[in-house]
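This report describes selected side-chain features of the structure shown below.

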Amino acid sequence: MTPGAAPKILLIGLGDLGTTVLELLAREPGLGPVVAASRNAVRGELRANLARLGAIAQGYAPSIGFTPLDLDQPDAVAEAVRREHPEIILSTATRQTWWLDGLLPPKQASRLRKARFGVWLPVHLTLTLKLMQALRAADYRGITLTAPYPDVVNVALGKLGLAPTCGVGNVDEIAAKVRFAAAESLHQPVERVQAVLVAHHALHAPAFEGAPGPLPPYFLRVYLGNEDVTEAAGGEQLLRTPCRLPLGPASCFLTAGSIVRLIRALATGEQPLLHAPAPEGLPGGYPIVIRGGEIRLARIPGLSREDAIALNEASHPFDGIERVEQDGSVVFCPEDAAALRRVLGYNVQRLKPAEAEDRAQELMAKFGEFARKAGIDLDRAWRAARLSSGGREV
């Protein structure tokens, strides 16, 4: 991608996150055309029209189009990519949104969460795998950003030579919370505070809850200008400072803000320190910089590249992932596999990427059955949550 050029963006997936990103991109100067893509042609066209007109009403003049696209039809995806010639592809598409378990009654939700997030890998891996296979068929050479659980999904795909450029969100969202907490602690404007963080998705669950107990491995430095103020700002306590946020669709604004900042950096050629999960198909998240329109790992004072990777690999088990093998197979921690088997009757100990689609369908069916037995109509509850202010707080 040519630095400073206005890139054309193909945004795949217009669920809660994709729609939020579209609205923000419509108001972002310096971008080229945005083509939104979704398998639901009617809803997708309506969303694209709304984003375009809302931005115009606000004083912007975006170029936003829509094209029907179904990741379950890889030949059509490859053809759409050849036809549109995007410089950046962003996919938010997944089989099942991560926050659905929050619609269950507290007792059932608590039982299900005994199995940590990683066991839901099949629903997040399936469509990203299909996308990357289609992009290989299209001989696509641009930037590919993916949202569904990149800390592990992109690692498995990297073993197959199918890793996206990097993921989005996750570590960058944690870094934003750290900067906010550090600015409050230091009584400084947040724009003067910079965080350098190496951390896995697994840190999301225990961090900012204000609860005792071990955190997954991480590396954190906080700077005020060029001065290391990590200890003065609070050190590990920054990650334990409670931060209450809505659970559900409203939370997408945090991830979307991170995504748009990354796309802005790619479009403008600016080189601020950012964070992103799974650059180069690596596990977990890292500080990154933009160089020549490419995403590269930033130099981390006090931590080598090898140690940063090892730290994130050591964090996998905190998400219920024992390891990712050389053929892309993912081995789950026995206690998490056992918990999912007890609650849903779903048995998963090892997942090969080629098996992801079938296992995802099975997992979603068993989750739906579990919800029905708990008296929850998932479709109705999901629609209600999307119309509300974001559901319960965490």
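## Terms and basis

A residue is called buried when its relative accessible area is under 20%, exposed when that area is over 50%, and partly exposed in between, with a 1.4 Å probe and protein chains only. The model is predicted: local features need pLDDT of at least 70, side-chain atom pairs count only at pLDDT 80 or more, and totals for chains, interfaces and linings use all residues. Residues are numbered from 1 along each chain as its sequence is written, and side-chain values use heavy atoms, with hydrogens and water left out.

Helices (H or I, at least four residues) and strands (E, at least two) are DSSP runs, numbered from the N terminus.

## Aromatic pairs

A pair of aromatic rings is described by the distance of the centres and the angle of the planes. Rings of Phe, Tyr and Trp (its six-membered ring) pair if their centres lie within 6.5 Å; planes under 30 degrees apart count as stacked, over 60 as edge-to-face and the rest as tilted. How many aromatic pairs does the structure hold? There are two aromatic pairs. Because phenylalanine 117 lies in the loop between α4 (106–112) and α5 (121–137), and tyrosine 149 in the loop between β5 (143–146) and α6 (150–158), the pair ties together parts that are 32 residues apart in sequence. Phenylalanine 117 is partly exposed, at 22% relative accessible area, whereas tyrosine 149 is buried, at 3%.

Tryptophan 120 and phenylalanine 367 also form an edge-to-face pair, with 5.5 Å centre to centre and 85° between the planes. Tryptophan 120 is in the loop between α4 and α5 and phenylalanine 367 in helix α12 (residues 356–373), so this pair ties together parts that are 247 residues apart in sequence. Tryptophan 120 is buried, with a relative accessible area of 11%, and phenylalanine 367 is buried at 1%.

## A buried aspartate

Aspartate 319 occupies the loop between α10 (305–315) and β13 (321–324).

Leaving aside neighbours within four places in sequence, the contacts (heavy atoms within 4.5 Å) of aspartate 319 include Arg116, Phe117, Tyr149, His200 and His201.

## Nonpolar cores

A nonpolar core is a set of buried Ala, Val, Leu, Ile, Met, Phe, Trp, Tyr and Cys residues joined through side-chain atoms within 4.5 Å. The largest has 62 residues, and Leu121, Leu340 and Leu344 have the most contacts inside it. Helix α5 supplies the largest share of this core, nine residues. Another core lies apart from it and has 36 residues, among them Ala51, Ala256, Val260 and Ala267.

Beyond four places in sequence, leucine 121 is in contact with Tyr149, Val152, Val153, Val330, Phe332 and Leu351.

## Cysteines

The whole structure has zero disulfides, a disulfide being a pair of cysteine sulfur atoms within 2.5 Å. For cysteine 252, the closest cysteine sulfur is in cysteine 243, 16 Å away and therefore too far for a bond. Cysteine 252 is buried, at 7% relative accessible area, and cysteine 333 is buried, at 6%.
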